[in-house]
Amino acid sequence: MSKEKTKELHKNVAPFAKSDKKKSIMQLINTIPPLLILWFLAYQSLSVSIWLTLAITVVAAGFVVRTFIIFHDCTHGSFFKNKKANDVLGTITGVLTLFAYEKWKREHSIHHATSSNLDKRGVGDIWVMTIDEYLAASKWERFKYRAYRNPLVMFGFGPLYLVLISSRFNRKDARKKERNNTYLTNIILVALYSGLIVLVGWQAFLIVQGSIMFIAGALGIWLFYIQHTFEDSYFEEESEWDYVKAAVEGSSYYKLPKVLQWATGNIGFHHVHHLAPRVPNYNLEMAHDSTPPLQNATTITIKASFESIRYRLYDPEKKRFVSFGDVKNLVALGRKKIDLKPRRTEFDIK
C-alpha cells in the first residue's frame, strides 16, 4: 500500500478519534449501575431459583464485557481526554473486570504494535503456530499447542487462567508503576471480595460472582479469538509486515445484532480499532460507515464465526489459516498438492 493511501485512510478516520465527555459519562451511567443492580438481583434470586440466578448472571456478564470495553478504551487513552481520568477509571474498571490496568495496558499496546507480525508473536495475543513450526515441534510441544487450541481449554479454562493467574502477577520486566498498579488492584480485590463474602456468604458469592466472571471471560476470549482468527487473516514476516494491512486485513468486522453490538461496545468493528486505537468505542461504527475502504474488511456473522474454531495453524505460503486435519493431508500428500483457494486481494482504497 502506498504512503499516500495510508495517509488518506488515517485522515478519513482522524475526526472520529476524539472522545466526547457527555457520551463517555452516559456510557458509564448505562453500564456500571446496571451491572451492580444485576449482581444484587442475581443474589436475591438465589432464594427463588438457581436457574433464574444463572439467567441473570448471563445478562450481567454482558455488562461486564461492556465495562471491559470502557477499561480497554482507557488503556488507549481514548475514553476521556484527560490522561489521569483515564488512568483512574481504568484502574476502577480493571477491578470490576479483574484486570490490572497498567499491566494490561502495556501488553495490549504490544499487541497493537505487533499484531499479525509472524516475527513478533507472543505478547497480548493468542498463541499461533505456522504449519512448519508445528511439524518441526516435538510431540510435547504439539500436545501443548493442540490442548491450548482446544475450545474446551481456550474458552473453559482460559477465563480462569486469565483472572486467577495471568492478571494477578507482574511480568518479570515490569516497571515500578506497573507493579504497584497490579499490587493495588489485588489488594482492592481481596478487600472487596472478602467484604462481599462476609455479607452474602461464600457459596452465594461463588455462584453469582463466579458465574458472571466466567461467562464474561469466555465471551471476551471468544471475541478476541474470532476477530483475529478467520480463514484469510493477514500475517506477514517483519520485512513484509504493514501496520494498515495488519489492521484492516488482520482484524475482522464481526457483524452482531444491535443488542450484542451494544453489549460488546462496538468492538466488532475491530478493524477500525486496530487502524486507529484512539477512536472511542462509541465512534467505531461511525468511522466504519463513513470510510468506504474500511467496509471492505472481512465481515463475519455469528453463524460464520463458528467456522473459525477449526482454524488452528497458519500457512504462510497460502496466506491463510488451516485445520489440524489439513496438516495431516499436508504430511501425507505434500504441501503443494493441497488445493486451497488463493487469498483474497488487498482491500481497495478509492
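**Close-up 1. Surroundings of Leu-28 in the predicted model.** Excluding neighbours within four places in sequence, Leu-28 is in contact with Pro-33, Ile-70, Phe-79, Phe-80 and Leu-89, contact meaning heavy atoms within 4.5 Å. The model is predicted, so that local features need pLDDT of at least 70 and side-chain atom pairs count only at pLDDT 80 or more, whereas totals for chains, interfaces and linings use all residues. Residues are numbered from 1 along each chain as its sequence is written, and side-chain values use heavy atoms, with hydrogens and water left out.

**Close-up 2. The nonpolar cores.** The largest nonpolar core has 49 residues, and those with the most contacts inside it are Leu-28, Phe-79, Leu-89, Ile-212 and Tyr-254. Two or more residues each are given to this core by helix H3 (32–44), helix H4 (50–75), H5, helix H6 (101–114), helix H9 (151–164), H10 and helix H11 (202–226). Apart from this core lies another, of 16 residues, among them Tyr-253, Val-272, Ala-276 and Ala-287. A nonpolar core is a set of buried Ala, Val, Leu, Ile, Met, Phe, Trp, Tyr and Cys residues joined through side-chain atoms within 4.5 Å. Buried means under 20% relative accessible area, exposed over 50% and partly exposed in between, with a 1.4 Å probe and protein chains only. Helices (H or I, at least four residues) and strands (E, at least two) are DSSP runs, numbered from the N terminus.

**Close-up 3. Packing of H5 against H10.** Helix H5 (residues 83–97) and helix H10 (residues 176–200) pack at an angle of about 45°, with their axes 9 Å apart. Axes are lines fitted to C-alpha atoms, for helices over the stretch in contact, and angles run from 0 to 180 degrees between N-to-C directions. H5 and H10 are therefore oblique to each other; angles under 35 degrees count as roughly parallel, over 145 as roughly antiparallel, 65 to 115 as roughly perpendicular and the rest as oblique. Lys-83, Asp-87, Thr-91 and Val-95 of H5 make the contact with Lys-177, Asn-181, Leu-184, Thr-185, Ile-188, Leu-189 and Leu-192 of H10. By class, this contact of H5 with H10 has five nonpolar, three polar and three charged residues. Here Ala, Val, Leu, Ile, Met, Phe, Trp, Tyr, Cys and Pro count as nonpolar, Asp, Glu, Lys and Arg as charged, and the others, Gly among them, as polar.

**Close-up 4. Crossing of H9 and H11.** The axes of H9 and H11 come within 8 Å and cross at roughly 110°; the two helices are therefore roughly perpendicular to each other. H9 contributes Met-154, Phe-155, Gly-156, Gly-158, Pro-159, Leu-160 and Leu-162 to the contact, and H11 contributes Phe-214, Gly-217, Ala-218, Ile-221, Trp-222 and Tyr-225. The contact of H9 with H11 has 10 nonpolar, three polar and no charged residues.

**Close-up 5. Crossing of H4 and H6.** The axes of H4 and H6 come within 9 Å and cross at roughly 70°, which makes H4 roughly perpendicular to H6. Phe-68, Phe-71, His-72, Cys-74 and Thr-75 in H4 meet Tyr-101, Trp-104, Lys-105 and His-108 in H6. The residues of this contact divide into five nonpolar, three polar and one charged.

Close-up 6. Leu-98, in the loop between H5 and H6, has a positive phi of about 75° although it is not a glycine. Leu-98 is buried, with a relative accessible area of 7%. Ser-116 lies in the loop between H6 and strand S1 (129–130), and its phi is near 70°, a positive value in a residue other than glycine. At 6% relative accessibility, Ser-116 also counts as buried.
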